Amino acid sequence: MTAVQTSYTDRPAAGAPGQEYDCAFTDVVSWTADEAIPFGAYVAETREGGCELPDTSAEVTSNKGGIALIDPTKASGVGYEVGDQVRVMRAGRCFGLVEEAMAKGDAIFARYAAGTGTQKGALRNDIDSTTAITPPGMSVFKGGTVAGGVVFELKYPGSATG
């Protein structure tokens with residue numbers, strides 16, 4: 001007799017990178033992915049209506065970025081592909097893609113250069129020399145671990161709340 005499936009997942013796990021935290025006011029824009037982008041990563045606007053993972057410190061500090069929100073309809077289940085419409089949170093609270101445990105009040109650094117075992121656009125609480133820099137308008141709203149639970153609050157100038 002074959003086993004019968006008695007449960008299934010119909011939504012991302014609570015605290016997944018890119019998941020919205022609450023239903024408070026948000027400012028979410030749609031940009032087109034210029035490269036593959038994982039859910040919860042920090043992204044930078046590249047042109048009007050386009051985005052990518054940052055590859056310079058200026059792309060992080062320019063006030064033209066945000067967090068790529070999760071889209072459970074994407075076939076990969078982990079991110080956006082080139083040409084996809086990316087939902088980017090510019091103001092509000094969401095879970096982010098992190099490299100290390102973070103606590104409320106920690107400094108935030110977004111990675112713009114990646115090496116072995118690191119991901120551009122990931123967030124962390126130390127500068128890691130010349131590969132990450134502080135994005136303006138962000139704070140840690142709720143601490144958590146790499147496995148999930150770190151909530152970021154975004155208030156970017158030029159967004160609906162800026």
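Two strands pair if DSSP finds at least two bridges between them, and strands are DSSP runs of E with at least two residues, whereas helices are runs of H or I with at least four, both numbered from the N terminus. The model shown here is predicted: local features need pLDDT of at least 70, side-chain atom pairs count only at pLDDT 80 or more, and totals for chains, interfaces and linings use all residues. Residues are numbered from 1 along each chain as its sequence is written, and side-chain values use heavy atoms, with hydrogens and water left out.

**View A. Strand 1 and its partners.** Strand 1 is joined to strand 7 (residues 85-95) by six bridges, and these two strands run antiparallel. In this pairing, Ser30 stands opposite Arg87 of strand 7. Strand 1 also pairs with strand 4 (residues 50-52), here in the parallel sense and over two bridges, with Cys51 of strand 4 as the bridge partner of Ala33.

View B. The strands follow the order 9-8-10 in an open sheet with antiparallel pairing. Strand 9 (123-124) and strand 10 (132-133) are the edge strands, each of which pairs on one side only. Strand 8 (residues 109-111) is joined to the antiparallel strand 10 by two bridges, and Ala110 stands opposite Ile133 of strand 10.

**View C. Aromatic rings around Phe141.** The structure holds three aromatic pairs, where rings of Phe, Tyr and Trp (its six-membered ring) pair if their centres lie within 6.5 Å, and planes under 30 degrees apart count as stacked, over 60 as edge-to-face and the rest as tilted. The ring centres of Tyr21 and Phe141 are 5.7 Å apart with the planes at 65°, so this pair is edge-to-face. Because Tyr21 lies in the segment before strand 1 (27-33) and Phe141 in strand 11 (residues 138-142), the pair ties together parts that are 120 residues apart in sequence. Ring pairs link Tyr21, Phe95 and Phe141 into a cluster. The charged end of Arg93 sits over the ring of Phe141, 4.5 Å from its centre, and Lys104 lies over the face of Phe141 at 5.3 Å from the ring centre; a charge sits over a ring if NZ of Lys or CZ of Arg is within 6 Å of the ring centre and within 35 degrees of the ring normal.

**View D. The salt bridge of Arg93.** A salt bridge is a side-chain nitrogen of Lys or Arg within 4 Å of a carboxyl oxygen of Asp or Glu, and the structure holds ten of them. In the one between Arg93 and Asp22, the closest N and O atoms are 2.7 Å apart. Arg93 lies in strand 7 and Asp22 in the segment before strand 1, so the pair ties together parts that are 71 residues apart in sequence. Arg93 counts as buried at 18% relative accessibility, whereas Asp22, at 25%, counts as partly exposed; buried means under 20% relative accessible area, exposed over 50%, and partly exposed in between (1.4 Å probe, protein chains only).

**View E. A network of salt bridges.** Glu99, Glu100, Arg111, Arg124 and Asp126 are linked in a network of salt bridges. Within it, Arg111 forms a salt bridge with Glu99, and their closest N and O atoms are 2.7 Å apart. Arg111 is buried at 2% relative accessibility, while Glu99 is partly exposed, with a relative accessible area of 23%.
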